Amino acid sequence: MATPRKFEKRSAPTKIDVKSKATKRRSVYAALPPAQAISSTNPAKTAEGFTKRPELRRHAEQLLPATQDDVATMPVKDIQRLVHELQAHQIELDTQNQELRGTQLELEAARDRYMELYDFAPAAHLTLDAHGVILEANSRAGTVLGINRKELIGQRLIRFFALEDQDLFHRHCREVLKTGARQSCEGRLRDKAGGTSWVQLESLAIHNGQEQITHWRTALLPIGERKRAEQELMTQQARLKGIIASAMDAIITVDEEERIVVFNRSAESMFLCKAADAIGQPLDRFIPKRFRHAHHDHVRAFALTRTTSRSMGRPGELYGLRANGEEFPIEASISHAKVIDKTFLTVILRDVAERKQLQQEQDRLIQDLIRSQQHFQTLFNWTPSAVGISTVAEGRFIDVNEALSRLTGYKREEMIGRTSIELGLWDDPSERATMLRDIQEQGRLHNREGRLRTKSGETRSLMVYLDLIQFEAVPCLIYLAHDITERKRTEKALRLAKFSVERAADAVYWVDSQAKILDVNEAASRMLGYSRDELRAMTVHDLNPDFQADMWPGFWEETQRRGTMVMETAHRAKDGRLIPIEVSVNFLIHEGKEYHCAFVRDVTERKRAEEERNKQELLISLMLSTGPGCIKRVAADGTLLQMNPAGLKLIEAGREDEAIGLCVFDLVVPEHRTAFVDMHHDVLAGRSRTIQFEIQGLKGARRWMESHAAPFRNPVSGETEHLAVTHDITESKRAEDRLRDTLDRVRKLSRRMESVREEERTRIARELHDELGVRLTCLKLDLARLQSLTRESTFPRNAMEEKIGSMTAEVDATIAEVQRLVVELRPGILDDLGLVAAMEWQCQDFERRSGIRCLFEASQEQIDLDRAQATAAFRICQEALTNVARHAKATFVRVLVAQRNGALLLEVQDDGEGIPSEKPAEAFSFGLLGIQERASSLGGQAEIAGWPGKGTTVTVRLPMA
């Protein structure tokens, strides 16, 4: 009986961490090429994993006899245990199989997500065979290459490269297939318009199961911006090298080991050593031994503080060492820059003896170096475009890159899970709905401009590229944004500058170094009458014939030296007119070329205005020097600053220096001085005034003045002065006094005449009542008596005749009285026989009534006068005789009337008491005043002369018509 086999006790299987295994399987699966992944949607691929099961079973059955355990000889208990263990293993295998199937589904979902991201990635991805034929391409590849994605498949990638870069692509393809390692290169793609764009190829070979390279993948990354940045960097580096090479100071740059890497020409001259011999040498070579230890300490301290020291020591304590062993005092400044994790120290050295002369150039050089370093740092801080992914439905961000975070001002953690509306990124929230509608209609949006509001509230302009993608089965938008805020501002500024130049009132010329006119604005065309094309074909010499060609080089050098020049000249217009102009020439350098930008202004009107102003100034100067009025300037303290000749004459000054500096207040008489000072203060306060006052000249003469004063701001000192025009009104003042006296006399005469008129009326009324009234009453009584006599039976003839005789006598007396009154009012003889006869009758009547002997003399019997003149002469004679009768106490009067020199002469002379000089102004002289007024009313004159005790003579002269 066979001995039963003993089975070793097998331990229970370890519990499997499904999640850990799945994670490991996913990581392994993700490392496999995509072609090896299993798709659940492909039955063939699903069964492929189990095609080896029958082979494994056959292999296991072949190995089974080799085992030492014979099942047939095993005890039942052992067989049962074995069956139980096999069943447990079977369950374990089924569990693992389910886990593998779950893992397979997860891998398929991950592959789908990967394919979505691959298809809609911002970069172009291609899969090519060994001959460079495109096998696979994502959506971005079609955009970059400018061709439909489906049409790309089967085409050779090389045909999209510029001709000059196709050999480069061939070499890159060979290197990828040869080495199998990652390869990079840069090249230019052609577009349909004939232009090119730079891209970077990142390529990696793909191996099959036998480690053979069958195809390779590449990513096309646009690097146009980076290329432009590199070009700018190269330009800046070239400029920096030029600055360093041309600097007047010695510039030495050393690396972290203090070995020289830059040694400019000034350093060669200073240390008498060629740059080729100095590069790579330690800096100690040019430092005396006794200073090297201090130099190393300073460099170490400088590296710790990261500050720039203007000098490594006081002047005279730092020395350099020339190649010939000569030591010399120097002044040094040191700075550091970090380039690609390497620190470089730059030392600028200057000979102390030349420090003062080269200080200004050193400052400029340092500023240029600092700016160049700043530009260098800016270029190295350049970042790629901002990218973000958000859901279509809500706009909730799924992911953003650092560039977008920097652009918006929000941290990445602040943006993930929030919508653009919640973050307030839209300058106009309604624009999002418009953009969604457009992208749903078109599928994508490229080169769409938009505006974004940052966290700080600033609004930025963007150029946005949007594509629809599926991210984990969720419709999403992928954003690619470029900040174009500065470009928009620059474009706006350029448009404004161009608009301003084109609309400028002044003409603008752009001229090259050969005096050729490159361009002009519209104002230049209008001013000269040429079209812009005609002007572009001309030179400066064509417009200004006096500016000969041989003068141009010197003028160009002068503008180079000065930068800006302003001058006046003339340009000839198309119609032949010579236009005076003012030219402001600016020397400019643009893109390495030198130009003149000239601003030209037509000064024809200004020239005319200047000529007119010169004429006006000359006229004013002549008026000031020859004008009759006094024109003066007075300072705030009353000091006389300036006065014209007419004013000097008024104040009795012989020369201007006698008057300048005088206080004008002292020239005003005391009774008017306060009013004058008040007027002066009003003028200084800004108010114009007019005043009349009296002055006393330097020689004592007094004059009345009328001054019109106004404030005047001195353009030189800026102080307010008193500017006045003063006229001598002494004669007008005297005339006013005479007129005032005459008016007073006229008023008195008028009152006297009214009084006399009333007296005359009273006298006539009394005489009419006493004489005519009584006589007429007597006549009335006589007539009544005569009527009664006629009624008597006996008619008394004698009594009637007596009564009639008495009545006749009474009538005669009445008529005589009436005639006397008429003669007194106006003698009829004046109208009937003329003036001479009337005056003679008047003299006789005067002598009869007054008892004063009167002699009348006439040069001729008849003098022809008009009625007014004859009446005035008669009344004057009558008034003179009346005055003699009333006041003179004379015994003899002589009256003379004659015609002499076209005028009537009337003279009345008496031998009475005479009239003193003060008497004519007294109240009782109204008769004489009436004589003067009558004479004046006819353009004549009356003179009254009297001598006490010798009589008075009244002489009247009246012009004859």
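**Exercise 1. How many salt bridges does the structure hold, and what does the pair Arg 633 and Glu 721 tie together?**

Solution. The model examined here is a predicted one, and the structure holds 49 salt bridges. One of them joins the side chains of Arg 633 and Glu 721, with an N to O distance of 2.8 Å. To place the partners, note that Arg 633 lies in strand 21 (residues 630-634) whereas Glu 721 lies in strand 25 (residues 720-728), so the pair ties together parts that are 88 residues apart in sequence.

**Exercise 2. Locate the salt bridges of Arg 848 with Asp 845 and of Arg 894 with Glu 857, and classify the accessibility of Arg 848, Asp 845 and Glu 857.**

Solution. Begin with Arg 848 and Asp 845, whose side chains meet at 2.2 Å, N to O. Both residues belong to helix 30, and because they are 3 residues apart there, about one helical turn separates them. Arg 848 is exposed, at a relative accessible area of 60%, while Asp 845 is buried, at 14%.

Turn next to Arg 894 and Glu 857, which form a salt bridge at 3.2 Å, N to O. Since Arg 894 lies in strand 27 (residues 892-900) and Glu 857 in strand 26 (residues 853-858), this pair ties together parts that are 37 residues apart in sequence. Glu 857, with a relative accessible area of 28%, is partly exposed.

**Exercise 3. Describe how helix 30 and helix 31 are oriented to each other, and sort the residues of their contact by kind.**

Solution. The axes of helix 30 (residues 835-850) and helix 31 (residues 867-888) come within 10 Å and cross at roughly 15°. Because angles under 35 degrees count as roughly parallel, the two helices are roughly parallel to each other, and their crossing is right-handed. Helix 30 contributes Leu 835, Ala 838, Met 839, Gln 842 and Phe 846 to the contact, and the residues from helix 31 include Phe 874, Cys 877, Gln 878 and Leu 881. Sorted by kind, the residues of the contact comprise 11 nonpolar, 2 polar and no charged.

**Exercise 4. Is Ser 420 buried or exposed, and which residues is Ser 420 in contact with, leaving aside its neighbours within four places in sequence?**

Solution. Ser 420 has its place in helix 15 (residues 420-423). With a relative accessible area of 6%, Ser 420 is buried. Once its neighbours within four places in sequence are left aside, Ser 420 is in contact with Gly 395, Phe 397, Leu 425, Trp 426 and Arg 432.

Notes:
Residues numbered from 1 in each chain as written. Predicted model: local features only at pLDDT ≥ 70, side-chain atom pairs only at ≥ 80, totals over all residues. Heavy atoms only, no water. Axes fitted to C-alpha atoms, helices over the stretch in contact; angles between N-to-C directions. Helix = DSSP H or I, 4+ residues; strand = E, 2+ residues; numbered from the N terminus. Parallel < 35°, antiparallel > 145°, perpendicular 65-115°, else oblique. Left-handed = near helix turned anticlockwise from the far one by under 90°. Contact = heavy atoms within 4.5 Å. Nonpolar A, V, L, I, M, F, W, Y, C, P; charged D, E, K, R; others polar. Buried < 20%, exposed > 50% of the residue type's maximum accessible area, 1.4 Å probe, protein only. Salt bridge = Lys/Arg side-chain N within 4 Å of Asp/Glu carboxyl O.
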